[in-house]
Amino acid sequence: MNISHTLICFFLLFSLQDGNTGLVSAQLSVYSATEGEDVRVQCSFPSYRERKFFCKEPCDQKDILIETADFSAQRGRYRIDYKQRDVFVTISQPTKSDSGKYRCGVGSSSGTSYENIEIIVVDAIFDGDPSAEKTIDAKTGGNIVVECSFTQYGIEMFFCKEECEGEDNLVETTSYTYTKKGRYSIRHVTGGFVFVSIEQLTQSDSGWYRCGLGGPDSKDLYQRFRLIVTDALTTSPKTTEQPETTKAVILYVSLVVLVVVLSLSVLVFCRKRTCKDKSEEPEPHVETQCASAPEAEDDPSQHAYSEIKFVSEGSSHSDAECVIYSVPQVEASSDEPPLYSTVNNPQ
């Protein structure tokens, strides 16, 4: 867990009245952190109080983010820990919507004490190294907040673009206050901290910027960063490449399926053609020649028979003829003629 740095802590010259418990003295502490970096604030109190709480102004009941009577508690992105009269509150994964003023306090039936806290969530933080240059990516219609910090002190602060000449001087201040000029703003916090911002970004805002001490035309210290603003409606290269890849895969699969279907169709057609050709081939024809029945023998006890010759078609050899003798199923002396006979065809 990263602990964000405290920019400045000072006492206000007035007291605040808590709506429930009584008169308290207020103290302001300013913290900053980049988006996604956990921010941890610290509040110190002279005596132990059972109730510990953290809320966002105006700190009505619905604005209480976390409270506990224990030494530690967790509620969503908020965690509170109490150690040796100090209250530590941690906000996980802060976004720009978390920027604002808060109260961190302790309370009991006899009264409530709290400190005023301000949290500023920024896009980039320059820690005082003049050679450090960063690039900030943003979308049209959005806004950016950048923190510039300096080891030297000065009253004059400026924010300018490119060469910082003429109209390139966007906004400047000569006091520890917040100054706004159109879409540009600058805030100077005691301790050498400067916050600059641009609202309602357009693509023409892309370029190099400076925030620094003294005046834009001087050679005083400054921090330099590059801003790149892209159209919020423009899809990223990764998003545009994905559909092309998907189309290529679909086309490849379609071609494979087409080849398989055509191959199966040709195979089925060939098989049907082969079966049809076989079915149209003439079956071997067997000619049957019946010889005239020989005259019956004088002996009536002998069975009558006939001689049947089978000749294979297309055969020129004499041995292709097969002779079968048929034997009637009734005796020759029977009064009724034979009903049938069995003929065996030799293969």
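S197 is buried, with a relative accessible area of 14%. Buried means under 20% relative accessible area, exposed means over 50%, and partly exposed lies in between (1.4 Å probe, protein chains only). S197 has its place in strand β18 (residues 193-198). This is a predicted model: local features need pLDDT of at least 70, side-chain atom pairs count only at pLDDT 80 or more, and totals for chains, interfaces and linings use all residues. Residues are numbered from 1 along each chain as its sequence is written, and side-chain values use heavy atoms, with hydrogens and water left out.

**The chain as a whole**

- The chain has one helix and 23 strands. Helices (H or I, at least four residues) and strands (E, at least two) are DSSP runs, numbered from the N terminus.
- Of the 347 residues in the chain, 34% are buried.
- The chain exposes about 22100 Å². Carbon and sulfur atoms supply 52% of that area. Accessible areas come from the Shrake-Rupley method with a 1.4 Å probe; for residues, only the protein chains shown count as cover.
- Take the contacts between residues at least 6 apart in sequence: 56% of them join residues at least 24 apart. Contact means heavy atoms within 4.5 Å.

**Around S197**

- Setting aside residues up to four places away in sequence, S197 touches I144, V145, F159, R183, Y184 and S185.
- One of these partners, F159, is also buried, with a relative accessible area of 1%.

**Aromatic rings**

- A search of the whole structure finds eight aromatic pairs. Rings of Phe, Tyr and Trp (its six-membered ring) pair if their centres lie within 6.5 Å; planes under 30 degrees apart count as stacked, over 60 as edge-to-face and the rest as tilted.
- F159 and Y209 form a stacked pair, because their ring centres are 5.6 Å apart and their planes stand at 25°.
- This pair links distant parts of the chain. F159 is in strand β14 (residues 157-161) and Y209 is in strand β19 (residues 207-213), 50 residues apart.
- Y209 is buried, with a relative accessible area of 1%.
- Ring pairs link F126, F159, Y209 and F225 into a cluster.

**Charges over rings**

- The charged end of K52 sits over the ring of Y82, 4.8 Å from the ring centre. A charge sits over a ring if NZ of Lys or CZ of Arg is within 6 Å of the ring centre and within 35 degrees of the ring normal.
- R210 lies over the face of Y222, 4.5 Å from the ring centre.

**Disulfides**

- The structure holds four disulfides. A disulfide is a pair of cysteine sulfur atoms within 2.5 Å.
- With bonded cysteines counted along the chain, the pattern is 1-4, 2-3, 5-8, 6-7.
- C55 and C59 form a disulfide, with sulfur atoms 2.0 Å apart. The torsion about their S-S bond is about 90°, so this disulfide is right-handed. Both C55 and C59 are buried.
- C148 and C211 form a disulfide, with sulfur atoms 1.7 Å apart. The link of C148 and C211 is left-handed, with -70° about the S-S bond. The pair links distant parts of the chain: C148 is in strand β13 (residues 144-149) and C211 is in strand β19, 63 residues apart. Both C148 and C211 are buried.
- C160 and C164 form a disulfide, with sulfur atoms 1.7 Å apart. Their S-S torsion is about 65°, so this disulfide is right-handed. Both C160 and C164 are buried.

**Nonpolar cores**

- The largest nonpolar core has 24 residues. A nonpolar core is a set of buried Ala, Val, Leu, Ile, Met, Phe, Trp, Tyr and Cys residues joined through side-chain atoms within 4.5 Å.
- Inside this core, the residues with the most contacts are I144, V146, F159, I198, F225 and L227.
- Apart from neighbours within four places in sequence, L227 is in contact with I136, A138, I144, I198, L201, D205, S206, G207 and Y209.
- Another core lies apart from the largest one. That core has 22 residues, among them C43, V89, I91 and Y102.

**V30**

- V30 lies in strand β2 (residues 22-34).
- V30 is buried, with a relative accessible area of 1%.
- V30 and V41 are 11 residues apart in sequence. In space they are 9.0 Å apart, C-alpha to C-alpha.
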